[in-house]
Amino acid sequence: VFLPIWEVKMKQRTWISEELKAARIKVQYDEHVKRILGSRQVLARILKGAAAEYEGYSVEEIVSWIDTDIEIARTPLRPGGKGKEDSLITGDNTESKIPGEGCITYDIRFRAWIPGDEDPSMIKLLINIEAQKSFYLKYRIVTRGIFYGARMISEQMDREFTASDYNGLKKVYSIWICMNAPKKIGNAMTEYRITKRDIIGRMPERKASYDKLSVVIICLYGGKNKIGSGDLHGFLNTLLSSYLEVEAKEKILVQKYGMDMEREMGEELKEMCNLSEAIEEQGIEQGLLLAKKIITLAKEGRSEGEIAEICGITVDKVREITED
């Protein structure tokens, strides 16, 4: 039994699937890891697990709230998949230059939104994602994270707000993913943020007025047999594993974490086939009308040459139809 061609489900690999295939065991290398983390599918899962504002929402909702513009440092931009959930982000400039303060380059920077608590409007967050292959560096990661976050705050002047309208200041997140954490730390996640402590009396103030900077450090202890516990750690340890074969990695990401590695092309193909059918039917109909006209002219006693001239075809074609 043969199915009509438009019922055969054709598959296309998603953008993140192509990136994983290209990276293979070099997935933690700088040129690969930033592009893999730059997938909207991946970013949505990081936000859900690391940012308190997204805890109660689905991955699909978060994907739709990630701004269409995302930029990845020092990598050429490439269009993502056709679906919004699989596109590479292409937006905020990853290079920050302020006179007198030097230049820093972010790995990934983008904007995302959350529904407002008191009204239906959306609240904007500014987010930075950084990938570190090693946990121990010559500086403390949290200190660098605070500096990056502070720069993202100061840059908002004349962008997110003007003059003294500081109420327009947006909250910033600097999220650091540290691969190959030491065993004594293991799979861990810590948030450093601005909090309020009343020392004498009580100062009434909304949390939203001072909760403007969070630095989140995610440590991954992903050895050969250490995929990790918890949704976010398990997901990131699988995604960034340099031990798992691509096929095994994709299977886990699809079955356990709901990632899209293939997209059905059935609808597009069906539309193409329907169009070709319509063209074919139209051609058949026109051919029947032409044949009927030729036969009618022949019965009227017209010569083959006259019929060919009237119908705009060759004499051989006239003869082929009249002889049939």
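This is a predicted model: local features need pLDDT of at least 70, side-chain atom pairs count only at pLDDT 80 or more; totals for chains, interfaces and linings use all residues.
1. Main core. The largest nonpolar core counts 44 residues. Leu37, Phe110, Ile129, Ile175, Leu236 and Leu239 have the most contacts inside it. Helix H3, residues 40-50, supplies the largest share of this core, with 6 residues.

2. Leu236. Setting aside residues up to four places away in sequence, Leu236 touches Leu37, Ile46, Ile177, Ile218 and Leu220. Leu37 is also among the residues with the most contacts inside the largest core.

3. Second core. A separate core of 15 residues exists as well. Tyr106, Ile141, Tyr148 and Val215 are among its members.

4. S6 and S7. Strand S6, residues 122-132, runs parallel to S7, and 8 bridges join the two. Leu125 has Lys171 of S7 as its bridge partner.

5. H10 and H11. Helix H10 (residues 304-311) packs on helix H11 (residues 315-323) at an angle of about 110°, with the axes 8 Å apart. That angle makes H10 roughly perpendicular to H11. H10 contributes Glu304, Gly305, Ile307 and Ala308 to the contact. H11 contributes Val315, Val318 and Arg319. By type, the contact residues are 4 nonpolar, 1 polar and 2 charged.

Technical notes: Residues are numbered from 1 along each chain as its sequence is written. Side-chain values use heavy atoms; hydrogens and water are left out. A nonpolar core is a set of buried Ala, Val, Leu, Ile, Met, Phe, Trp, Tyr and Cys residues joined through side-chain atoms within 4.5 Å. Buried means under 20% relative accessible area, exposed over 50%, partly exposed in between (1.4 Å probe, protein chains only). Helices (H or I, at least four residues) and strands (E, at least two) are DSSP runs, numbered from the N terminus. Contact means heavy atoms within 4.5 Å. Axes are lines fitted to C-alpha atoms, for helices over the stretch in contact, and angles run from 0 to 180 degrees between N-to-C directions. Angles under 35 degrees count as roughly parallel, over 145 as roughly antiparallel, 65 to 115 as roughly perpendicular and the rest as oblique. Ala, Val, Leu, Ile, Met, Phe, Trp, Tyr, Cys and Pro count as nonpolar, Asp, Glu, Lys and Arg as charged, and the others, Gly among them, as polar. Two strands pair if DSSP finds at least two bridges between them.
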